[in-house]
Each structure stands twice: as structure tokens, then as C-alpha cells.
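Here are a few friendly notes to read alongside the coordinates.

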Amino acid sequence: MSNSLLEQFIIESRDYLQRIGEILIALEENVEDKALLNELFRIVHTLKGNSGLFDFPSMTKLLHASEDLMNLVREGTIPYSSEIADLLLEAMDIVSIMIDEIEDSGSLSHNSIQSAEEKTKVIKEKFLKAPEKKEKEILEKPEKKEKITEQIFDFSIIPEEFRIKAVKEALKGKKIIFIQYSPEAECFYKGEDPLYLVRNTPELIWARSYLREEIPDPSLMDIYQCISNFELLSSANKEELSEHFKYVLDQVKFFDIEFTNLIIPQGEKNGGPVYEDFVSDARKYLEENNIQTFKNAVKSLIELSSPELYFASVLRWIELLIEHLPETRNIIEALLQSLETMAPPVFKFEKEPVLIPQKEEKAEFPDEFLNILNSQKTVLEKLRTIENNLIKSNILKSIISSIENGLISLGKTEFLNEFKEISQKTSPDDFNLLKKWIEKKCGFSLASEKVEEAVSPEVTFTSTEPQEKEVSLPHVVSKVLKVDETKIDRLMNLIGEFVVAKNSLPYLAQKADNFYGISELSKEIKAQYSVLNRISEEMQDAIMQIRMVPVSTVFQRFPRLVRDLSKKLNKKVKLIIEGEETEADKNVIESLSDPLIHIVRNSLDHGIETPEERISKGKPETGTIILRAKHEADHVLIEVIDDGKGIDAEKIKLKAYQKGLITEEQFEKMKENEAINLIFLPGFSTSETATDLSGRGVGMDVVRTAVEKFGGSVRIQSAIDKGTTITLSLPLSMAVSHVMIIESAGRKYGVPMESVVETVRVSKQKIKKVKGKMTTVLRNKIVPIFYLNDLLDINKPHITNEDAEFAVLVLSIKGELTGIVVDKFHETADIILKPFIGFLANMRVFSGTAIMGDGSVLLIINPKELINASRI
């Protein structure tokens, strides 16, 4: 997927969907919260608008139906209920699936499209039937609006060629629709493109845009606010137009217009006898039904007449209408009458349309254009106060462009040519000719002093330094830059390589001193090393901070999970989230997702009792689950606490014995905490029957495996009828590992420090064989002993010190102490762990490798897998 706009849409959509889910659940507790309802409507409206930028109509329609439903709730037409929440949450789930599919393949599957269409249908049938009907009624009541439009809109501003085109379509039997479209000021933020929408209107004949408010000072204009209105003519039917504008129907008005309202002859009225001769001949041709001769006469006169004459304009209309005789005879006669009176034609029918009286000829331009000229003149006056020539030149270009576009849209060719000549003589230093032309066309001249009074003293043009200082305000909101995580990973890899390169300097200094005998160079290298070491540590810390994300990114999905599952289980449960601002490495946070889902599902299914059971025990009928995060040293702790029935250790032991997971001897000797930990065994479950929630024996085993994979651990504390606390402990970061370096058979290895308990020396005589296994006693505890060379298939004996003592590394594996015999202990080090890839990834006894400062490769041992391998 290379489309950056689509990528941005995917990122933003996930944020929107997450927030929508949070609000829908929050509204169940506080239905009257208007702020939440408004926020919900805004987010869905924005998401719908964004989806409209791409070709995913099924998604857009689903979001549109959801938005309509939310609007009904917001307006109080229907009350918010659990049913509506379920319906909208399900709709957002479908949208979420669609977003995932778009990210994966750039398209939508048939199943998701079908699901979206079905959910849209359900929403419409259950809640939107009445509003749809109402909308249809609004669209189908044109008569009154028609008259209003004809009274307030002067169709003469539409260039004649477009009016002729519209009348041609009307004479073919089509309805001409006049459209007024007023986009919202914030439409750009919702992914809407009004100009694109207008340009793609079905069967568009003509369109224009104009500013709905004046801009006295362009330098203060907010370019991200839409202040344009649009007016259009189209010959498409209302159903097509409604479909086209379906996402902005509240901003659009449709009006049916009689085509005769568009027949408005225009031009210079310099009547003469030739018109009278033509009028009498034309009437004669009509009476005799001599249509061909009439056509030829009209065509000849059009060729002989100047196109700017009123007479030529009438002829052009008659030429069009002749083709549709006899239906248009009354209209042609009215146009012939207009040639005699030099007044606008009056078309008399049974239903008399309301027409706007035409302006006197002395008014060269419609009021809208005069307003534009006025506002541009005001800007021109303010231009004198600007000192920066570049700014002045750009504003002048904007003024000239605005007036030129207006003249082009009005079809005033003679004025356009005149204006172009003047604009060519206009410069930032001399624009008096332009000013005089505008004053002449406006019909009045404003003194400079009056202009100054008309403009608020707060609104000023200036490019001076004080202005910049005044405008720059203190930042109150921190800006967020979204970056592809692969770029951060690459940065992390580079800093890792830099650390390795930096660590080689002490070896280089030692070589300079010992091998080359240049002690001064050695000192300088060491001095530079200390500087580079400080910089690299700060860089490493800074990059680590970039990778840190709050646990809220995982926690935020659980309110929905708890809500849905508690309803399914007919239990009342309250979820409390604490410490959601706690931060850890992104990979650590992501690794928490699946384990936490299993734990919370178990708490809901096995822990929290039904309301009746809780009441009988003297507990509140609503159970509580607490999801808590906090830091402890260099680890992040996640606690899942419930006040349910707790874990019965005896029942767990019995179940494990019945399933053959433990022996009879283990059953009798097992302690309570050991019995509770049996729930982590693969295949273990206390449920008698398997459901879609539990009973399959894959829950807690998955939890421990996932947590230990990332160097973490799981603890359980439980009391019968009081509840259970499950604690997950994970390292804050997996990017940098702290290891202890050991040596065996002349080779160095790294062991993760989180597994190391202590290092001890054990005499040969104290290592005994018990039941075929090597053991020793450390602090009154029997500890199994393994020889690292044997575990790694190295055919060399371990060495001892002068006192015949082995070096033993004591590790904690699954809560049990284990001793590993090695040859030597070395220092600890922070390393960048590089996991094995490809075929080497099957070597589970090693987690990966690290490059040391001297350039050597250090193999990092995975203690758990190392001991497991010894048991095979």
C-alpha cells in the first residue's frame, strides 16, 4: 500500500473507532451527557467524510446510517438504549474489519461488504424509516420553493450559452433543477471537497461559486475555513442529485424551475425598422405555418447582426424554439413582442410564473458582482499600508484574479478585455488605474479616510516585525508527529551499531598504548570515548523514550470486552482501570494484549459469580475487576484483581490428578501455591464443558508462555470467596538487554540478568548424584546441578580453582532454583540483542546474539530452553 493519504486514513480511522467505542459505552452510564453525544456525532461524521474520499461505498453508507441514528439520539427523537449501543458497536466492528482489510490488500472482501450492507439495512429498518420518509417529503415539495427561488435569484447572471443549453434539455422533456449548496465552514476537516462534489454533479449545465462573507483583509483570512456558496443548474432527476449529495443533504436545497424563466434576451438595445419588418414577416410565417422560411430568415439575420445586440439575443432564442413548434409558439410570439417594445418578454400561460423584474440597463453588473468590486476596492485601499513588495504583489494578483473570474462567469467579454488592458498597466507601486476602474463600475468613489473608518482598527495589514511578535502566541497544546514504527526500529538498530563502534575505542586505546607504545594517543582516544559514551547513552535514552507508549493503548479495549461478556454471562461487572498512563516499550505493551484478554475472560467466566450467588454470599450484586499498571524498578507490573469466588486449590489438585497431569504422590504432597500454579499446565481446565469462552484448556498456559517469551513472569494470589490477583511482570524494554557474561571451554556466553539469582563456588565433593541427577545443597535447599559443557555438547571437562571448586551460576527458572556449572564469571553488560532468523531460529537454547566492543559475537543463552533441552 503506497498511497500516503490512504495510510493516513487508516491510522486516523483506528483512533476514531477506538474513541467511538469508548463513548458508546460511557453513554450507557450517562445518557444525558450532551457533550459526549456531540463528540460522538462529530467523530462519526468525520470518519464518514474521510471514507468518502476513497472508493469504499459500503463503508460510507454504513457510517452514514450510523451517523443518522446518532443524530436522532442527539436531537432527542429516540432515547439512547442498550440496543442502540449494541447496534452501533457492531457497526463499528464491521468498519474496523474493513480498515484491516484495506491495510492488508487495499480492497474490501465480499463478506465485509455484505456485512456492512446488512447492518446498514438493519439500522435503517429499525430506526431510520420515518426520517427517510420525511426527507423524501421535503425533496418532493417544490411548488412553494420554486416561487421563492424565482423571486430571490436573478437567472440573467447565468451566461446565455448555458441558459440555452438548459432550455434545450427542458424541451427534450427533462426537468431543470436549480441547486443551492452551502458547505459547512469546517467541511475540509471532515474530508469533504465541495468543489470536487460540484464539478461531478450529474448532468451539470452551469455552476458558480461566490463568497458568503466579505474579506476586508486577506492577510487575516483563515484558508482552512470554507466561506464559499455554490449555485448550480442540472438536468438530472432529484433522485440522482439526492444520491450525489447524500452526505451533505442538510447543506443543499433543490428547486424545480420553469424553463421560460431562463429565456432572458440580453444585449444592446438599438432598435430600428429592420426589427419591425422582421417581426411582421415572422408573424406571417407563423400564421401560414411556413416554418422553413421562418428558420432561414432567422438564420440570415443572426449572421448579419452583431452578437452583442439585444435583437441578436432574441433571434438566438427563437432559432432554438422554432425546432419545437407548435408547442413553443406562445413563447416565440412573446419574444417577437419583446422586439417591438424592447422590454423583457412576458410569457403568459395558465400558470403564471413569478419572475424577477430585470434590472435597468444602466446597471451593468448584478449586485453580487458589485459587492465583490466593493470588497476588492477596500482591500486595494489597505494595500497602501504594506511595505513588503512581495506581499503587496501577491495581494494585487489576488484582486485582479477575483475580478477577472467574476467577469468571465458573467460573460461580459467587452468589460473583460477592458479590464485586462488596465491590469497589465497595474503594478504594486502604481494601481491608480485599477482603483479608478473599480470606482467607475461601482458608480461611486470612497475617500481614503472613509475606508479607514469602515475597517476595524484591530484589522490591519502589516509586515513589520512587531506584528510577527504580536501574532506568535505561546503554545498551549503539544504537537504529535506520527511516525512509521519501522523508521524508529531502524533508528534503534543504528544506535545499537553506534554503541558497538563506540565500545571498540577502549580496545583501540589499549592497542595504541601496548602495541604501538603511543600513550598520548591512547589518552586522547579514552577522552573522546568518554564524550561519545555520554552522547550515545543520551541518544539511546531518547530513542527509548520515543518507543515508550502508555498501557492505555492495551487497556482501552477492555471496557468493551467486559461489557459484552458480562451481558453474555448474565453477570453484573464493573471494570476499574488504574495507572493507564504507565509507560513501557511498544513491543512490551503489544505483548500484553493476548495474555490480558485470557486473564480477564477467566475472571469473568470463572471468578465473578452471578448476581444471585453474590447476594447469597453477602456481596454486592455487581462484581469488580481492577486492571492496574505500575512501575517497579526496571519492570512494568500489570495486576488483574477480581472480587470473585477465588481459586480452590484442592479442587485444582483433584482435577489435575483426574486428568493425569500429576501423580498420586504429587497430589498428596503438593502445597496450596503449587496447586494454584497447576492452572498454567497445558490442557488444564476446571470447566466441565467447553464453550466459546472457556473449557478448552488453552487459557492460562498461553498466558505464561507469552509472558515468559518476553522475559517476564506471572504470579497468582487467591483466597476463596475473596478474589484473585494475577500479576504480570515484564521488562520496561526489550530493546536493550542486561546480561552476565560467563565463560566455558574458552568461549563466552551471555545469560539474562533477570534469570540470575547469584554466583557461588561449590566444592566437587558437595555435588552428589541423587536418582541419576546431579544436586547440591545451597542454604538448606536442594538445587539440581547441570554442566554447561554437557548441555551444549562440548566435549571438555569444566575447570576448577585452586581449592577444587566449580563456578556455579544459580538461576531461577519457573520459580525453581537451578545451578549451571561454568568455568569463569565475567562482568555484566548492556547489549542490543539480535534474535536469530531463518534456520538458526530453531536453536531455542540461544535467544540470539550481540556484538561486543572488541567486535566479537556473544551468544545469549535462553535458560528455560537450555534446561528443557536437558530433559529431552
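1. In this predicted model, four strands make up an open sheet with antiparallel pairing, and their order across the sheet is β2-β3-β1-β4. The edge positions belong to β2 (204-211) and β4 (252-257); each has a single partner strand, so one side of each has no neighbour in the sheet. From one strand to the next, the twist averages 15 degrees.

2. Now for the pairings. β2 and β3 are joined in the antiparallel sense by seven bridges, and in this pair L211 sits opposite S228 of β3. Between β1 and β3, also antiparallel, there are five bridges. Strand β1 (residues 176-181) pairs with β4 over six bridges, again in the antiparallel sense.

3. Towards β3, I179 stands opposite L232; towards β4, I179 stands opposite F254.

4. How many residues of β3 are buried? The count is seven of the seven, so the strand is largely enclosed by the rest of the structure. Buried here means under 20% relative accessible area. S228, F230, L232 and S234 point one way from β3, while N229, E231 and L233 point the other way, and all are buried.

5. Helix α7 (residues 160-171) lies across β1, β2 and β3 (228-234), and runs at about 140 degrees to β2.

How values were computed:
Residues numbered from 1 in each chain as written. Predicted model: local features only at pLDDT ≥ 70, side-chain atom pairs only at ≥ 80, totals over all residues. Heavy atoms only, no water. Pairing = 2+ DSSP bridges. Helix = DSSP H or I, 4+ residues; strand = E, 2+ residues; numbered from the N terminus. Axes fitted to C-alpha atoms, helices over the stretch in contact; angles between N-to-C directions. Contact = heavy atoms within 4.5 Å. Buried < 20%, exposed > 50% of the residue type's maximum accessible area, 1.4 Å probe, protein only.
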